[in-house]
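Subject: Structure handover, with notes on helix packing and the ligand site

Dear colleague,

I am passing on the structure below, and I would be grateful if you could read the notes that follow with the coordinates open beside them.

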Amino acid sequence: MTRTTIPSFTLNNSLDIPVIGFGVFQTPPDETTAAVLAALGIGYRHIDTAAAYGNERGVGEALRRSGLARDDVFIETKVWVTDYGYDAALRAFDKSAGKLGVDVIDLLLLHQPRVEDFALTIAAYQALEKLLAEGRVRAIGVSNFTPAILARFLPEVEVVPAVNQIELHPYFTQRTSMAANTVAGILTQAWSPLGGITFYGGYKGPGKSTLTDPTLRELAAAHGKTPAQVMLRWHVQQGRQVIPKSTKPARIAENFDIFDFELGADELARIDALDTGIRGGPDPDQPQPQFLDYPIPAA
Ligand code: A2P
């Protein structure tokens, strides 16, 4: 499948984004180039990274080695919280673009709200708005913004974010957050779309994995697919963009093979009913001072 044949969502500024991208959260820097090359070879045309993942260079290397034209791949990255404030966020763009080896970033997000220093968050976003106006980024957005944070944020900014990337999987379905995004015209991007966060360790929910969930296994068997494929299909059919992460080529291929089956409304509802209301990641409404311990190195 080429970029033009992967189904896409249209962002609020008319830019298209493939419904499925490739995630590299927790992909070690030395494994990133191989994983991204595998993904591009399979047909993914959207890569989601972040300054804080420490692997933007590996993504850029894969982009160059793939031989694909720059415009054929949608590159998304995120400004880390230590680079908030107007000037710092402009410099953060230079760092990320330098490490990726690109002039233009397709989608640039604020990685987290800084609720204890919201003025810095707004100023960083104003830098993103300037980069957008200059054509150095093609779309801008946010990540880990709850409805309460969005309500504080939207009146302060000019450009409605194109995307809000939030934790969302069958055990944490975030219906209220997705509804708030949709009302504002913001595409919801699901991080940990397979529920990886529920088996990374430190998870406070019931000790179970989405990948072995009996309901997901049953639905998967009924369609001759895997639980991972069923989860990704559930997201896409409900209008969420997904960025599953894997370093294993067989799984990278498996996660892309979701366009030959469809879940019925009753099946989607059974997955919705798996929600526990328990998030795996940090609560964005609370200050996270530990985030400030990880400054982003220069390009
Ligand atoms: P690995 O990189 O070893 O394949 P999420 O994107 O929801 O956070 O999930 C990522 C986690 O799920 C990673 O631990 C990844 O491990 C694993 N994973 C990704 N795809 C699959 C798959 N198709 N089947 C099983 N595990 C998967």
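The crossing of α7 and α10 is left-handed, and I begin there, with the reminder that what you have is a predicted model. Helix α7 covers residues 214-223 and helix α10 covers residues 265-272, and the two pack with their axes 10 Å apart at an angle of about 155°. Because angles over 145 degrees are counted as roughly antiparallel, α7 is described as roughly antiparallel to α10. On the α7 side the residues in contact are T215, L216, E218, L219 and H223, and they meet E267, R270 and I271 of α10. Sorted by class, this contact of α7 with α10 comprises 3 nonpolar, 2 polar and 3 charged residues.

Helix α7 also packs against helix α8 (residues 227-237), where the axes come within 8 Å and cross at roughly 90°, which means that α7 is roughly perpendicular to α8. Here L216, R217, L219 and A220 of α7 meet P227, V230 and M231 of α8, and the residues of this contact divide into 6 nonpolar, no polar and 1 charged. If you compare the two lists, you will find L216 and L219 of α7 both in the contact with α10 and in the contact with α8.

A further helix pair is formed by α3 (residues 86-100) and α4 (residues 118-133), which pack at an angle of about 50° with their axes 7 Å apart, and the two are therefore oblique to each other. The crossing in which α3 passes α4 is right-handed. From α3 the contact draws on Y86, A89, L90 and F93, while α4 contributes A123, A124, Q126, A127, K130 and L131; by class, the contact of α3 with α4 has 8 nonpolar, 1 polar and 1 charged residues.

Turning to the ligand, which residues are the closest to it? The ligand is surrounded by 17 residues, of which L194, K245, S246, K248 and R251 are the closest. For R251, an N or O atom of the side chain is 2.7 Å from an oxygen atom of the ligand. In the case of E254, a side-chain N or O atom is 3.0 Å from a nitrogen atom of the ligand, and a polar side-chain atom of N255 lies 2.9 Å from a nitrogen atom of the ligand.

Key
Residues are numbered from 1 along each chain as its sequence is written. This is a predicted model: local features need pLDDT of at least 70, side-chain atom pairs count only at pLDDT 80 or more; totals for chains, interfaces and linings use all residues. Side-chain values use heavy atoms; hydrogens and water are left out. Axes are lines fitted to C-alpha atoms, for helices over the stretch in contact, and angles run from 0 to 180 degrees between N-to-C directions. Helices (H or I, at least four residues) and strands (E, at least two) are DSSP runs, numbered from the N terminus. Angles under 35 degrees count as roughly parallel, over 145 as roughly antiparallel, 65 to 115 as roughly perpendicular and the rest as oblique. A crossing is left-handed if the near helix is turned anticlockwise from the far one by less than a right angle, and right-handed if clockwise. Contact means heavy atoms within 4.5 Å. Ala, Val, Leu, Ile, Met, Phe, Trp, Tyr, Cys and Pro count as nonpolar, Asp, Glu, Lys and Arg as charged, and the others, Gly among them, as polar. A residue is near a molecule or strand if one of its heavy atoms lies within 4 Å of it. A polar contact is a pair of N or O atoms within 3.5 Å; within protein, one must be able to donate a hydrogen and the other to accept it, and residues adjacent in sequence count only if both atoms are side-chain atoms.
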